[in-house]
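Thanks for coming, everyone. Please have a look at the sequence and the model on the screen, and then I will take you through a few places in it.

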Amino acid sequence: MAGNHQIYVALLRGINVGGKNKIKMAELRSALENIGLRRVKTYIQSGNVLFESSDAEATVRQRIEQEIAAVFGMTLPEPPLPFGIEKLATANNEDDAYEIVGRDVYLLFRRSVRDAKLSVNLQKLGKPVTVRNWNTLSKLVEMAKELRE
């Protein structure tokens, strides 16, 4: 969709406030601006990034991954694949629910995420995952709407 500016939200995996994968959000914004992404904004120190680009998702994703690897020495794995769904289902119970739509997994914890077998067993999907809660997603949607206006 070259020529049409799209608002993207990237949920980067493994970017932490502290520890070995610490990336300052100002440095991340600069790195992403250097590869031609426009109006780059970050939300909290955990790899939530909003930006505008006229390039297709696959192109943008590849450029982001290459830049983060080059600048910060971190790699971002492929998104989770649905081949592990049956394994994940064994961790489900009547309190929790999940839905897989493409590469996204939606989790509903009716009681507590702390005691949920489902959240502990996400690795059964066979790929590393990154998780965001409802409040963070709601804020990202709000920020994306503001960028679009």
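Which side chain does R132 join through a polar contact of 2.5 Å? That partner is T130, where a polar contact is a pair of N or O atoms within 3.5 Å, and within protein one must be able to donate a hydrogen and the other to accept it, while residues adjacent in sequence count only if both atoms are side-chain atoms.

Before I go on, please keep in mind that this is a predicted model, in which local features need pLDDT of at least 70 and side-chain atom pairs count only at pLDDT 80 or more, whereas totals for chains, interfaces and linings use all residues. Residues are numbered from 1 along each chain as its sequence is written, and side-chain values use heavy atoms, with hydrogens and water left out.

Back to R132, which lies in the loop between α4 (117–120) and α5 (134–148); helices here are DSSP runs of H or I with at least four residues, strands are E runs of at least two, and both are numbered from the N terminus. R132 is buried yet has no salt bridge, and the nearest side chain of opposite charge, D104, is 11 Å away. Buried means under 20% relative accessible area, exposed over 50%, and partly exposed in between, with a 1.4 Å probe and protein chains only. For charge, Lys and Arg count as positive and Asp and Glu as negative, with His and the chain ends not counted, and a salt bridge is a side-chain nitrogen of Lys or Arg within 4 Å of a carboxyl oxygen of Asp or Glu. The side chain of R132 does, however, reach the backbone oxygen of S46 at 3.1 Å.

How many salt bridges does the structure hold? There are 5, and one of them links D55 with R63, the closest N and O atoms being 2.4 Å apart. D55 is partly exposed at 27% relative accessible area, and R63 is partly exposed at 21%. Another joins E65 to R61 at 3.1 Å between the closest N and O atoms, and these two, being 4 residues apart in helix α2, are separated by about one helical turn.

Lastly, the largest nonpolar core has 18 residues, and L12, L28 and L32 are among those with the most contacts inside it; such a core is a set of buried Ala, Val, Leu, Ile, Met, Phe, Trp, Tyr and Cys residues joined through side-chain atoms within 4.5 Å.
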